[in-house]
Amino acid sequence: MNTAASSDVDIARALSRRLSGLEPDSEPGAAASSPYLRFAQTATDQAPQPTKPAEAADDEPLNDFTRWDEFLAWSLNKVRSSAAFAVDPQGFVIGSSGNVPEDGFEGTGAELSYVMSQADAMDPEMGSLRSVSLEFTNRRLSGFRSEVTDGEGFVIAFIDAEGFSDLTRDQIARQLEHSFSVLL
Amino acid sequence: MTHRIVLTSSKGGTGKTTTALNLAVALAERGRNTLIVDLDPQGAIGLFLAKEDGDWGGLAEVMISGADPNEVLLSTSLPTLRILARGRIDPVDTCEYELQLHQGTILAETLDAIEGDGAVDFVLIDTPSGLGPATRAALAVSHFALLPLQAEPVAFRTLSQILRVLDHVRQHENPSLQLLGILPTMVQLDNDSSLNVMSSVWSGFGGVLDTVIPRSDVFSQASEIGIPLSFLGGGTRPEARRFTLLSDEIEARINNMTGIEDDHEHRRLV
């Protein structure tokens, strides 16, 4: 079936869920990575709206987060997920935000870290594993690795994210790099 | 409290006017003071009711001649239903009409004047197809948006467009605007492409109404005569009951969204 282009359907589905209150509001401008061009100001658009046809990861101002939960709350808002957590290079969950289950993400984080290290060794010629998206019967688990210290990757993971673009991933990684020394 | 509901979609022929008219009748028939506003430059409500293009005065007279909005309202055979028609505007001036609607405050002022202090329970604003100035003007003054979605692939492909505009208006122009719901229309579950669309809509979309409007010849019959479905002779049509269900669902959903509690009390069967 090709009822509609999948990206349009994904956008419509995400917007409908947000507008009907099933998912939290994201910050204004969260759709900046959309494929549309915008006029700087049109007759039908009274509010100033900068044209951002191709925003780069380093265009976004950096925040001075001091706590993991602050950073993760910002991250989950960017990818529109229900929860986010961070896993250190040893496989321990060091922070979480959003709809966190009572027993936390300790087990999930350790297993995700293990799965990523296994996948990393799948084929050395492919290079290092950057991200995974695992779809289970009930939930979706996505994560990416960000190397903020020499050779040591921290995993930032999301529950029920619609998926994240390379731009969003790079923005979060850049923010983590900026805040990392304070977060620790 | 008056609830303003804009019916809008970016694609034409999705059932906006049919829904606006039949939903307004259903609300009025259950005693709600209801106003239909025809914002479509084509004057779709008047055309649907088989009126000549220049028959009815309305919003254009308010905008161009400074008429009192309450003086140009049209009464109907239902005491609780009135119509603010498009008015006698020259089709040549469609662009000016739409731009003035959007750039000025005439629409909000007109509605305020008609609504008075709780004189109207529901205002249903029928808009032209597309995402132009008249639609944006309606979105800017409304509390709720109802999106008729024709259950066929092309209409489905445009759904992201209207949702994006709705999201933008809510963030930048009218924070009180809420998605009331997506209303599947012209549904044919025995047709593969229609079924495919409905399967997609029912899996993961937010705000989809339980009520669906099926495709049926009875709509053509009503439109040929120029009357709402429930006014057709020969007994109540099942399709007309759909709009009764829709009015019930919409009222319940608005109560839920605005925090109005259902005042029904427990009952005893025996």
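Two strands are taken to pair if DSSP finds at least two bridges between them. In this predicted model, β1(B) and β5(B) are joined by 5 bridges and run parallel. Within this pairing, B:R4 has B:V123 of β5(B) as its bridge partner. Strand β2 of chain B, residues 34-38, is also linked to β5(B). Here too the strands run parallel, with 5 bridges between them. B:I125 of β5(B) stands opposite B:V37.

β5(B) is mostly covered, with 5 of its 5 residues buried. Its side chains divide between two directions. B:F122, B:L124 and B:D126 point one way. B:V123 and B:I125 point the other way. Residues on both sides are buried.

Helix α6 of chain B spans residues 133-141. Of its 9 residues, 8 are buried, so the helix is largely enclosed by the rest of the structure. The buried set comprises B:A134, B:T135, B:R136, B:A137, B:A138, B:L139, B:A140 and B:V141. These residues pack against both strands and helices of chain B. The strands are β1 (3-7), β5 (122-126) and β6 (144-150). The helices are α4 (94-103), α5 (106-115) and α8 (159-172).

Chain B has an average pLDDT of 93. In this chain, 99% of the residues score at least 70. For the model, ipTM is 0.80 and pTM is 0.66.

Notes:
Residues numbered from 1 in each chain as written. Chains lettered and ligands numbered in written order. Predicted model: local features only at pLDDT ≥ 70, side-chain atom pairs only at ≥ 80, totals over all residues. Buried ≥ 20, exposed ≤ 12 C-beta atoms within 10 Å, placed from the backbone. Helix = DSSP H or I, 4+ residues; strand = E, 2+ residues; numbered from the N terminus. Contact = placed C-beta atoms within 7 Å. pLDDT = per-residue confidence, 0-100.
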